[in-house]
Amino acid sequence: MSTSKNKAVEKAPTTPAPLAATQPNAAKPSGYADFLREVKTEIRQRQRQALRAVNSEMLALYWWLGENISQRQATLGWGKAVVENLARDLQAEFPGRNGFSARNIWNMLNFFRDYADKPKLQPLVAEISWAKNLLIMARCKDDLEREFYLRATARFGWSKNVLQHQLDNHSYRQYLLGQTNFDAAVPEGIKAQAMLAIKDHYTFDFVGLAEQHSERELELSLVANLRGFLAEMGGAFTFVGNQFKLESDGRDYFIDLLLFHRRLRCLVAIELKIGEFKPEHKGQIEFYLDQLDQHHRVDGENPPIGIVICRSKTRTMVEYALRTMTRPLGIATYTVTPQLPANFQGELPSPEQIAERLAGWALESDGFEGEGV
């Protein structure tokens with residue numbers, strides 16, 4: 001018996017070695033790397049499409065529910081109690097579904113009523129999530145302001161936290177009031193994002209400076225409070241350095257602050273001025289941008305952008321200065337206390353001008369990977 005078992009063991013087939021292609025370090029066939037990138041791109045694209053489809057169906061359901069409650073209240077005389085009753089019955093049928101709370105059903109009702117007579121905005125609300133829609137509904141009452149945040153959230157893939165930050169920063173008004181030459185000087189693919197990246201006014205109340213201070217004191221205080229400074233700039237900036245050294249014809253020049261914008265993929269040179277904006281400031285920052293573009297920009301980066309942040313400015317003077325500026329430049333003001341330099345509402349363009357400007361925004365992707373619906 002033992003001999004037979006030994007022979008059986010000897011005759012048992014050996015396990016074949018794994019194929020070379022399955023080994024982690026095995027050589028990949030020609031073209032495999034490109035194919036892998038293509039597969040990953042396709043997977044991410046299909047995942048985003050699936051999320052958008054789910055989001056679209058959910059919003060369609062919420063719209064339908066709000067519409068039908070509104071119609072029955074109007075035709076059958078239903079009162080407010082129907083919302084509480086419906087919430088209780090739906091939660092009993094679909095336990096664990098927070099979407100059918102009384103509060104959210106009220107949101108559905110308001111969602112329908114707010115947009116029922118606004119056909120221009122209806123397609124836009126379907127592009128973003130329910131939570132972001134609620135945030136815009138709560139914070140924005142003007143139709144043009146809502147259109148701005150709906151379009152920007154969809155186009156740039158803002159997360160809810162980013163949208164909250166943009167609302168807190170009054171990005172709509174900053175976008176409309178911002179004085180830049182980006183329409184002519186920034187590549188088309190990043191133009192809208194660039195205009196959102198530069199504010200018209202910055203509040204540096206975290207630096208703890210007195211109203212009277214020097215440019216050097218302001219610069220050092222911003223560097224010492226770097227986290228607050230980058231947050232006030234907008235969140236997508238990283239710090240490169242202060243007193244960034246440039247060399248030209250044996251002479252040294254220094255940029256006050258040099259940042260990098262991750263989404264725009266470009267260097268951002270900042271010059272600080274404690275007085276009013278003057279036309280000669282344009283020549284200084286333009287020279288810096290020329291040097292950065294020629295000697296410091298690396299492959300894959302967009303041309304550098306300049307920002308002159310001054311204590312005050314005359315809007316007409318800035319407009320004249322920007323007309324002949326070939327490098328991308330924005331002119332902004334700052335305060336060291338939490339106050340705005342002027343009444344925003346009185347300086348906003350007319351509703352017709354705002355509508356025309358927003359009409360130029362397309363919802364297609366412009367090269368930035370979204371953060372989800």
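Phenylalanine 204 touches Leu218, Leu222, Phe229, Glu232, Ile309, Tyr334, Thr335 and Val336, leaving aside residues up to four places away in sequence, where contact means heavy atoms within 4.5 Å. This is a predicted model, in which local features need pLDDT of at least 70 and side-chain atom pairs count only at pLDDT 80 or more, while totals for chains, interfaces and linings use all residues. Residues are numbered from 1 along each chain as its sequence is written, and side-chain values use heavy atoms, with hydrogens and water left out.

Phe204 is also among the residues with the most contacts inside the largest nonpolar core, together with Tyr149, Tyr202, Phe229 and Ile270, and this core has 75 residues. A nonpolar core is here a set of buried Ala, Val, Leu, Ile, Met, Phe, Trp, Tyr and Cys residues joined through side-chain atoms within 4.5 Å, and buried means under 20% relative accessible area, exposed over 50%, and partly exposed in between (1.4 Å probe, protein chains only). Helix α4 (residues 102-115) gives the largest share of this core, seven residues; helices (H or I, at least four residues) and strands (E, at least two) are DSSP runs, numbered from the N terminus. Another core, of 19 residues, lies apart from it and includes Ile255, Ala269, Leu289 and Cys310.
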